[in-house]
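Q: Could we work through this model together, feature by feature, taking the general idea before the particular case?

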Amino acid sequence: MESKITSSILIDSIFIENAKDKTKILFKNLWEKSDKPLILIHWLRRFG
Amino acid sequence: MMGASDLNASIQKINQKNNNIIDYNLIGLAHLDYDLFEENLVFNGKIYIDEKKQTYKLMCFSRMGVLSGFGMMNPNIYLQSYYASKKGFKGNLKGDGLQLGGTVIVDKNGNIVYSHDQKNYTDYPKEEEIIKFIKEYKEKHML
């Protein structure tokens, strides 16, 4: 099952927005800047 | 079945027992009703928006469609709405309701070590499945 998100060439150009302060960050920063060994990412359908 | 708030509670429990092993991030499609959502969610992670759906496309998450009756024939959807409303979530029909999501766990190098793609609106990873994964991961990597 193991694959690598970073194998996609798109990964360096995908930005997501912090919902609170609306600053943009690179998607890959979720794991590259984390201080924890594992990072769970949950994609929602919608808020509510 | 777990929604975002149940998943959040599970991750807190896992972190308490496993020396804060895991970060928790939510990604949504749009800012619609984010404030109301945040009010009702006691949340320890970070919430992000991906309006262009780039990460959804990257992860190849499915969309509900006509052939699936837009997912509305699934009785679990009404049960989940009931439990969500008991927790203060009023429900939200704005935005793109057909896009499904999912859950992945990645390591520091971006390797996907666990994944669960939503097959329908009420399909979430089971808490025991995530706990089992964390236990096995810790043993394998001697954490």
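A: Chain A has one helix and four strands, in the pattern β-β-β-α-β. Residues are numbered from 1 along each chain as its sequence is written, while chains are lettered from A and ligands numbered from 1 in the order in which they are written. This is a predicted model, in which local features need pLDDT of at least 70 and side-chain atom pairs count only at pLDDT 80 or more, whereas totals for chains, interfaces and linings use all residues.

Q: In chain A, where is confidence lowest and where is it highest?
A: The score to read is pLDDT, the predictor's confidence in each residue, from 0 to 100. Where pLDDT is low, the predicted coordinates should not be read in detail. In chain A the lowest confidence falls in strand E1 (residues 3-4), at a mean of 64, and the highest in strand E3 (residues 24-26), at 96. The mean for chain A is 84, with 75% of its residues at 70 or more; for chain B the mean is 80, and 67% of its residues reach 70 or more. The model as a whole scores ipTM 0.86 and pTM 0.80.

Q: Which residues of H1(B) are buried?
A: A residue counts as buried if 20 or more other C-beta atoms lie within 10 Å of its own, as exposed if there are 12 or fewer, and as partly exposed in between, the C-beta atoms being placed from the backbone. In H1(B) the buried residues are Ala4(B), Leu7(B), Asn8(B), Ile11(B) and Ile14(B). Seen down the helix axis, these buried residues of H1(B) fall within an arc of 125 degrees (the arc of the directions from the axis to the C-beta atoms), so they line one face of the helix. An α-helix has 3.6 residues a turn, so residues three or four places apart point the same way. On the face turned away from the buried side, H1(B) carries the exposed residues Lys13(B), Gln16(B) and Lys17(B).

Q: How many residues does H1(B) have, and what follows the helix?
A: The expected span of a helix is 1.5 Å times one less than its number of residues. H1(B), residues 4-17, has 14 residues and reaches 20 Å from its first C-alpha to its last, close to the 20 Å expected. After H1(B) comes Asn19(B), whose phi is positive, near 50 degrees.

Q: Which residues have the most contacts inside the largest nonpolar core?
A: In soluble globular proteins, nonpolar side chains tend to be buried together. A nonpolar core is a set of buried Ala, Val, Leu, Ile, Met, Phe, Trp, Tyr and Cys residues joined through C-beta atoms within 7 Å. The largest has 27 residues, and those with the most contacts inside it are Ile39(A), Leu40(A), Ile41(A), Leu26(B), Ile27(B), Tyr48(B) and Ile105(B). E4(A) gives the most to this core, with five residues. Leaving aside neighbours within four places in sequence, Leu40(A) is in contact with Ile11(B), Ile22(B), Asp23(B), Tyr24(B), Asn25(B), Thr103(B) and Ile105(B).

Q: In which sense do E1(B) and E2(B) pair?
A: Two strands pair if DSSP finds at least two bridges between them. E1(B) and E2(B) pair in the parallel sense over four bridges, and the bridge partner of Asn25(B) in E2(B) is Lys46(B). E2(B) is also joined by two bridges to strand E2 (residues 15-18) of chain A, and these two strands run antiparallel; there, Glu17(A) has Ile49(B) as its bridge partner.

Q: Why does Asn25(B) count as partly exposed?
A: Asn25(B), in strand E1 of chain B, counts as partly exposed because it has 18 C-beta neighbours inside 10 Å.

How values were computed: Two residues are in contact if their C-beta atoms, placed from the backbone, lie within 7 Å.
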